[in-house]
Amino acid sequence: WCKQMGGIDALEDKNEEKARTLYSFLDKSRLYSCPVKGDHRSSMNVVFHLKDKSLEKEFTFSSEKRGLHGLPGHRDVGGFRASIYNAMPQAGVDALIEFLIEFENKH
C-alpha cells in the first residue's frame, strides 16, 4: 500500500500537507484554538479546543451526524482530536475543515 501511495517519502509529504492545512485553519479561527504550539504539533493527531466550551456537546453531536466520528479528545484532557493517519486522504481533512467552517459560521 505504501508503495502504491508513492512510498514513505510521498506519504510523509502528504501527511505534512494535511496537517499544515488543518493547523492553518485552526490558527486563523475565531472559534477554535490549538493548545500545541510550533514544532511540538503532531502531523497525525491534531488537537484543538472550542473557545466557547458551552458548544462542545452540540459540536460533538453535529460532527457525528455529519459522519465525522471520533473527534472528542481524551476524557481527562477534553477538547477534540482529529486523527489524520496515513490512510486519511486530503479529502477527509477538507471535509472536516468544511464542517468546522460551517459550525463556526453558525456560532
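This is a predicted model: local features need pLDDT of at least 70, side-chain atom pairs count only at pLDDT 80 or more; totals for chains, interfaces and linings use all residues.
Let me begin with helix H2, which runs over residues 56–65 and whose buried residues are Phe 59, Ser 62 and Ser 63. These residues lie on the same side of H2, because the arc that they cover around the axis is only 100°. On the face turned away from that buried side, H2 carries the exposed residues Lys 57, Phe 61 and Lys 65, so that one phenylalanine of this helix, Phe 59, is buried while another, Phe 61, is exposed. After the helix comes Gly 67, which has a positive phi, near 90°.

Phe 59 leads us directly to the core. Leaving aside residues up to four places away in sequence, Phe 59 touches Tyr 32, Phe 48, Leu 50, Leu 71, Phe 80, Phe 99, Leu 100 and Phe 103. The largest nonpolar core has 24 residues, and those that touch the most other members are Leu 22, Leu 26, Tyr 32, Phe 48, Phe 59 and Leu 100. At least two residues of this core come from each of H1, E2, E3 and H3, and the largest share, six residues, is supplied by H3. As a general point, nonpolar side chains in soluble globular proteins tend to be buried together.

Is Asn 15 buried or exposed? Its relative accessibility is 4%, and since anything under 20% is taken as buried, Asn 15 belongs in that class. Asn 15 sits in helix H1, residues 8–28, and its side chain is joined to that of Lys 18 by a polar contact of 2.9 Å. Beyond its sequence neighbours, that is, not counting residues up to four places away, Asn 15 touches Ser 43, Met 44, Ile 84, Tyr 85 and Asn 86.

Asp 27 and Arg 41 meet through their side chains in a salt bridge of 2.9 Å, N to O. Since Asp 27 lies in helix H1 and Arg 41 in the loop between E1 and E2, this pair ties together parts that are 14 residues apart in sequence. Asp 27 is partly exposed, at 47% relative accessible area.

Finally, there is the salt bridge between Arg 66 and Glu 102, whose closest N and O atoms are 2.7 Å apart. Arg 66 lies in the loop between H2 and E3, whereas Glu 102 lies in helix H3, so the pair ties together parts that are 36 residues apart in sequence. Arg 66 is partly exposed at 36%, and Glu 102, at 38%, also counts as partly exposed. Through salt bridges that share partners, Arg 66, Glu 98 and Glu 102 are joined into one network.

Definitions and conventions. Residues are numbered from 1 along each chain as its sequence is written. Side-chain values use heavy atoms; hydrogens and water are left out. Buried means under 20% relative accessible area, exposed over 50%, partly exposed in between (1.4 Å probe, protein chains only). Helices (H or I, at least four residues) and strands (E, at least two) are DSSP runs, numbered from the N terminus. The arc is that of the directions from the helix axis to the C-beta atoms. A polar contact is a pair of N or O atoms within 3.5 Å; within protein, one must be able to donate a hydrogen and the other to accept it, and residues adjacent in sequence count only if both atoms are side-chain atoms. Contact means heavy atoms within 4.5 Å. A nonpolar core is a set of buried Ala, Val, Leu, Ile, Met, Phe, Trp, Tyr and Cys residues joined through side-chain atoms within 4.5 Å. A salt bridge is a side-chain nitrogen of Lys or Arg within 4 Å of a carboxyl oxygen of Asp or Glu.
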